[in-house]
There are 4 protein chains.
Amino acid sequence: MIRTDKTVSDLQIAYIGGGSKGWAWGLMSDLATEKQLSGQMRLYDIDQDAAKANETIGNQLTASDDTLAKWKYTMETSLQEALTGADFVIISILPGTFDHMEIDVHHPEKYGIYQSVGDTAGPGGLMRALRTIPMFETIAKAIKDYCPDAWVLNYTNPMTICTRTLYKVFPEIKAFGNCHEVFGTQKLLVEALADIKGIEDVAREDIKVSVTGINHFTWLTAASYKDMDLYPIYKEFAEKYYESGFEGKKSGNWLNDFFSSAQRIKFDLFLRYGYIAAAGDRHLAEFCPSKWYLKDLETIKSWKFSLTPVSWRKENEQERINKSKQLVSGESAFEIKETGEEGVLQMKALLGLGDLVTNVNLPNQGQVPYLPSNAVVESNALIRHNSISSISGGTLNPAVTSMIAKHSANQEMIVEAGLTGNRDLAFQAFLNDPLVNLSLEDAKECFDYMYEHVSSVD
Amino acid sequence: MIRTDKTVSDLQIAYIGGGSKGWAWGLMSDLATEKQLSGQMRLYDIDQDAAKANETIGNQLTASDDTLAKWKYTMETSLQEALTGADFVIISILPGTFDHMEIDVHHPEKYGIYQSVGDTAGPGGLMRALRTIPMFETIAKAIKDYCPDAWVLNYTNPMTICTRTLYKVFPEIKAFGNCHEVFGTQKLLVEALADIKGIEDVAREDIKVSVTGINHFTWLTAASYKDMDLYPIYKEFAEKYYESGFEGKKSGNWLNDFFSSAQRIKFDLFLRYGYIAAAGDRHLAEFCPSKWYLKDLETIKSWKFSLTPVSWRKENEQERINKSKQLVSGESAFEIKETGEEGVLQMKALLGLGDLVTNVNLPNQGQVPYLPSNAVVESNALIRHNSISSISGGTLNPAVTSMIAKHSANQEMIVEAGLTGNRDLAFQAFLNDPLVNLSLEDAKECFDYMYEHVSSVD
Amino acid sequence: MIRTDKTVSDLQIAYIGGGSKGWAWGLMSDLATEKQLSGQMRLYDIDQDAAKANETIGNQLTASDDTLAKWKYTMETSLQEALTGADFVIISILPGTFDHMEIDVHHPEKYGIYQSVGDTAGPGGLMRALRTIPMFETIAKAIKDYCPDAWVLNYTNPMTICTRTLYKVFPEIKAFGNCHEVFGTQKLLVEALADIKGIEDVAREDIKVSVTGINHFTWLTAASYKDMDLYPIYKEFAEKYYESGFEGKKSGNWLNDFFSSAQRIKFDLFLRYGYIAAAGDRHLAEFCPSKWYLKDLETIKSWKFSLTPVSWRKENEQERINKSKQLVSGESAFEIKETGEEGVLQMKALLGLGDLVTNVNLPNQGQVPYLPSNAVVESNALIRHNSISSISGGTLNPAVTSMIAKHSANQEMIVEAGLTGNRDLAFQAFLNDPLVNLSLEDAKECFDYMYEHVSSVD
Amino acid sequence: MIRTDKTVSDLQIAYIGGGSKGWAWGLMSDLATEKQLSGQMRLYDIDQDAAKANETIGNQLTASDDTLAKWKYTMETSLQEALTGADFVIISILPGTFDHMEIDVHHPEKYGIYQSVGDTAGPGGLMRALRTIPMFETIAKAIKDYCPDAWVLNYTNPMTICTRTLYKVFPEIKAFGNCHEVFGTQKLLVEALADIKGIEDVAREDIKVSVTGINHFTWLTAASYKDMDLYPIYKEFAEKYYESGFEGKKSGNWLNDFFSSAQRIKFDLFLRYGYIAAAGDRHLAEFCPSKWYLKDLETIKSWKFSLTPVSWRKENEQERINKSKQLVSGESAFEIKETGEEGVLQMKALLGLGDLVTNVNLPNQGQVPYLPSNAVVESNALIRHNSISSISGGTLNPAVTSMIAKHSANQEMIVEAGLTGNRDLAFQAFLNDPLVNLSLEDAKECFDYMYEHVSSVD
């Protein structure tokens, strides 16, 4: 890279999963508007056609007059090519196919186990993890070999397990995991401020939060706006909308949108424990005892959140394939719009172009005192030149921390099981998941089917 | 006390709960046959009549020609009297009445929560704890004031919480908790040896076990007899009797005995996790997710264990009152028989009359590495003159330790709630219990009723 | 306090030690130039005349036309008056007199123990701690009673022990300790940048550092300026000036200034361990084995740092008394100049007027993973509205952490000894100090004399 | 092996270092009198002649009519041969030669560093460790390959580092370290009992002790004989003999015996800290600041203990070589006498032939709560069939634990340095040793010479 006082050019970014139809375009968009950075984006994907398409789309964008930051997009055919000389590595892959995910999410329904997302906890999260861990083992080894000093940004789920695998395989890696779920909760606090206090148009970034927990089961121990403590405001808000739910200003509601919710689970957790849970309801539900929110379809409906069927993902994938074709052919124009992700800001901070405080996933060095050392946890961090320092997220009461700790313990077992191929250990993690309330016989049957199809679909 | 090389006379034992009809008689019996010890047993009870009756019964026993060890029994009217000058303190009280316990055990049934015992975990265990903690606070303060150097043996449930309260109130106390559930599991291993290997008449004490966990949710990480590893033998045994259950040689079976079980839960836990759980099935069930063993009456029946109705306890109490009257009047003769408890052996070891290794409940100083420091845990200990040293119980896998840790965290909350009167914290502990799978509304209603009746019965 | 979007007025600050001649004037100066804040400064001091003089000096300053921020200064005659209603509490006291300090610093010289400062570690630091702990016990109790929700900024030495005492006595206190020694090391890095790289006029605040350790024995695990890693630059600098020392641009050098040094100890520690020690050489020397830097006067001279004789402090005190008189009488004009302290910035951040990252002393919640939980440690923290969150300082190797840990353990013993009056424990802390390399007999004699004069001077 | 109810025959023991002239004969002697065991002792040594000589000596002993336990001794020429099929492995090697040890012990004297033993801590202990770690790496790998399930008894110094290396290289190893220094302290307590109380002829085994710390810097937190607390007796004893020292009934005293001491260091540590140090004075001195006991020859003389010159070891070696020749030739008869070591008892306990409580060195699982997890520590353990469970040794005050912790941290650095060849880390461990009070320049010079001669002697 070439560095001046205010800019970095010839920056080398390797993008593993660079054939992505959606997330990659968001990153292109964010980079296109960031004047301080330029360089080369090396797109690597096992789907080389998809990576090639993104190469075309990216370079067309660069060629556009409106684009201030000039990036060169290249498709790379091996990890070695993509990684050698990279300053940053971005990992955002889909492990397996939606056919695999169909089993992850829907097979357990035969046993009365409903999953709203199925990519983090629960039987689906477990199987996705077992499928993904070997891939991350390969990636970690390649980073060790080809760019051990690069900063690695992971966006792949299951976030905790993927990040933990990177560190287990290559302990000196400079990796962290990113997730926007906390941003969503900050936005909800913006809405609470408007609804309860009449304060409008507050920016998400101005909601200051203290973050602790594990990804998708993250909690805020403090929240403020300027000199206002948001806890009492959120309390009023949660009580006001506890029964009805709060669906906000956005178009659509939980009934006709597979990703929405009415925040009732967050409110319920707040009224139970007195802390703000900071992830979408669809994720939170999967970390709690099955009887609370995912007992049966009626219960789910009463909590006003959606299960995302994999059939929808398949349809959506087709739309995105079409979109890609149109972008490549020029039939459809690339539209630059801010994603709200902070990856570009993080890279700038790591380059010494401005400090940043934000939430990330990192091995526990004490920032989450109720979890074991080295478990991957989510908290704020201070990002500065070539350094990320975790910020203590404060404490929760034992009622909450023991729920988190149980999942964290399960995640450790899963990573171990995934790296060693220890099927018995994987089964114990399965048994221990709060969504798996099955007899030993049913549990074995369900697990066995899923385990045997974890990377193959008949 | 007066010490010779082989004996101790004039030993002073304070017995809190000394009006007990049953447990006290067992202790009298054990002492009557132990020639190395003699002295005074000071019986203190809020039911003074009961203590007085036991004074009579005890002194009659001492007067009997058959009794080799001569103990003087006295009823004391205050803790100060009972404790001043005591070498040992035994605490074995019934906190509250069976009317209170009726609410503990049966009120939650209205919400579909079944409890087999209701004195340790679950809603019943919580309420019993809240009732008992202030009593133990009083006792701990009295011990601090009147006999700070005495050794204190607690037998009262909830064991962990009672023992933890003693240490929280008087950190220098020399207390430990005793429970015979592990002995029961040693006896089951004796039966497994006979059943699988044809080795008969093994003594319970010759089954060597490594113990870890918390009281009533205790686990064996190793078990041996002479040079035989009992794990593979137990595995064969558990698989053989998994479906049918094992009811052993004792008269009666689980259908007509409120305290029996067919060990199916222990077998199920073994097949799930690969470790031997070392408590009765009725206790173990209460520590697991409600759906596993206590989902409904049919499920309970299928697991072949019994719920103990408080009505039975009431009837049984009446029988014991009658028995007491008969013993006092001489209508019925006191029968000396070994109880199998180790309290007397422990006292001898503490007096320097022979080292002993056995399982006890003590604050964690590292013997249970997966639980926090100072939490009360169960493990083996080496008892020698004026000292108890915990013995490391080894490790379990995280699937099991995270279940234990969740209960341990709950117990810490409960002790805090009980000592400070923090009702919110008590409610959070309630919500966090794996048996409480209720909606927030139902949980509040159930909790509120129980909390308001915790020490009073309308 | 009264809050607008950009300002806070009617802020109430209690200043314990408000009769200070020097430090108080610096704070007045910093406040006088800070337009966003105004309110009342309540000056409390056991020397009421001194507090009264500062009331006069402060109010004269406020009356001056140049002063933009209008503060009202009042002398308070009791802690209750000073604290009731306070938003912030500043503690900056001199515990005891310079006669006491004379014994702290110079009595051990009879036994060959030299101390450069004598207020933190060593025999002097211990005695000063024992003198100060009861005062901080009183202050902590008063804060608990009169302003439990106020933020408390401690500047008194021994910093770690004072702050730890506040938390031991009132665990819910919102206190932290401030020290500018790290700033001095940042300034040295500024000089290294100029000397080695020719980069001039860098601001101290632009040197970004990761901080870990305990006060006055603090270490930087990373240091950068923009995109430059300062570690290799400091290495070159340390090697260049290892023999000669570096005395910088300031007037005077270590020979004629009791507070200067030539940084040789910092360079030596860097070459020994590879980490940047971040306190003045006079402090660092006192934490190391006596034979390294404080063996005898010749050794001290060779390391080019000064012992500060208490006689100098006495003379200097007299000068400051005269200065105070002149300021009160108007003979001398109050001169506003920036102190470089960050107390005012910290208060603004806590009021929600701008986030701040800086180093502070706080109970360990995991930010310093090699020290026990709750020990008071120094690291960076993120200060935001009504919250301080510690930032992980990274790790050092065990050669350094075990030196720090030994002092931290000693500090825990000293606080315990000070709060309980346990003289034996104080003596063990004395024996354990690396500067105390005495025979048991000499150690006893030296300790006994000092202990008996800790709060009284014959 | 072949097992009957009371005996084990055909037991296979591999003895690494089996050419030992002295220690091996002791083991032969202990085995010869133990009727319950018999089998094969496989002698492996890099000095094959020495192993062959012991084969002859052992088999002659077995042939003797007096010998009740019949062992077959065989010399093995490779680790593979020695280990394959072994039930137990004994490791007792001399790493390097006495020429190496001469540098370890005497080279630092040029810098004023005196070492009484030079095999555990100090510059000598460090160099011996660096020499030994690669050997133990080889041994651990061989055990992993050829007898992973065998129990491994290590007797080699530096004990802690050797045992830690075994576990780092092969974490599942079933190894522990044995040392008789605690026995020596038990014997001193026997002498105290006689001297102070007039109680004679107490057996060493009847002194019950609670053990904590690290090998050669081990402490007793409790000691009793029957019902007597030995702490007050030892206090009287230590005070009585503090000045004069106590040299006991044995022939010889510290002046004419390189291994004796007058216990003055143990008494001094007791008077300083109030705890009984449980190793010989010659070892204890090396763990303390150099100025205390090893400052110069005069100081050493005043403490009445001896430095063991390596020249003596060389002479003694020659005597033992002659002794070996005489034993082989039959010129001298093998004399059976009890060694007082417990290795044979430990093997019996592990075979299920009788439980044993004794002190051993094991990875910390919580038994020494003030040291990190996995550091090798010394405490009591309960040895039963195929299991060793650590027994909590209780706590010391921080003045003592921080001294121990500093050495434990150094040991971790040394093992890391030895396994990775990290010379810088080895140097930092050198700098951090309390005996190394050198300037950076001297330290470098001394270290460099020793490091370069660690495995070679010019």
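Which residues does D433(C) touch, not counting residues up to four places away in sequence? They are A121(C), G122(C), H407(C) and N410(C), where touching, or contact, means heavy atoms within 4.5 Å.

This is a predicted model, in which local features need pLDDT of at least 70, side-chain atom pairs count only at pLDDT 80 or more, and totals for chains, interfaces and linings use all residues. Residues are numbered from 1 along each chain as its sequence is written, chains are lettered from A and ligands numbered from 1 in the order in which they are written, and side-chain values use heavy atoms, with hydrogens and water left out.

Let's stay with D433(C) for a moment. This residue is buried yet has no salt bridge. Buried means under 20% relative accessible area (1.4 Å probe, protein chains only), and a salt bridge is a side-chain nitrogen of Lys or Arg within 4 Å of a carboxyl oxygen of Asp or Glu. Here are two distances from its side chain:

Now for the chains. In chain D, 26 residues are in contact with 26 residues of chain C. Together the two chains bury about 2400 Å², 53% of it on carbon and sulfur atoms; buried area is the accessible area (1.4 Å probe) lost on being put together, summed over both parts. On the chain D side, R272(D), N437(D) and L440(D) lose the most area to chain C. Across this interface the rule finds zero salt bridges. By comparison, no contact joins chain B and chain C, whose closest C-alpha atoms lie 12 Å apart.

Terms used:
Buried < 20%, exposed > 50% of the residue type's maximum accessible area, 1.4 Å probe, protein only. Lys, Arg positive; Asp, Glu negative; His and termini not counted.
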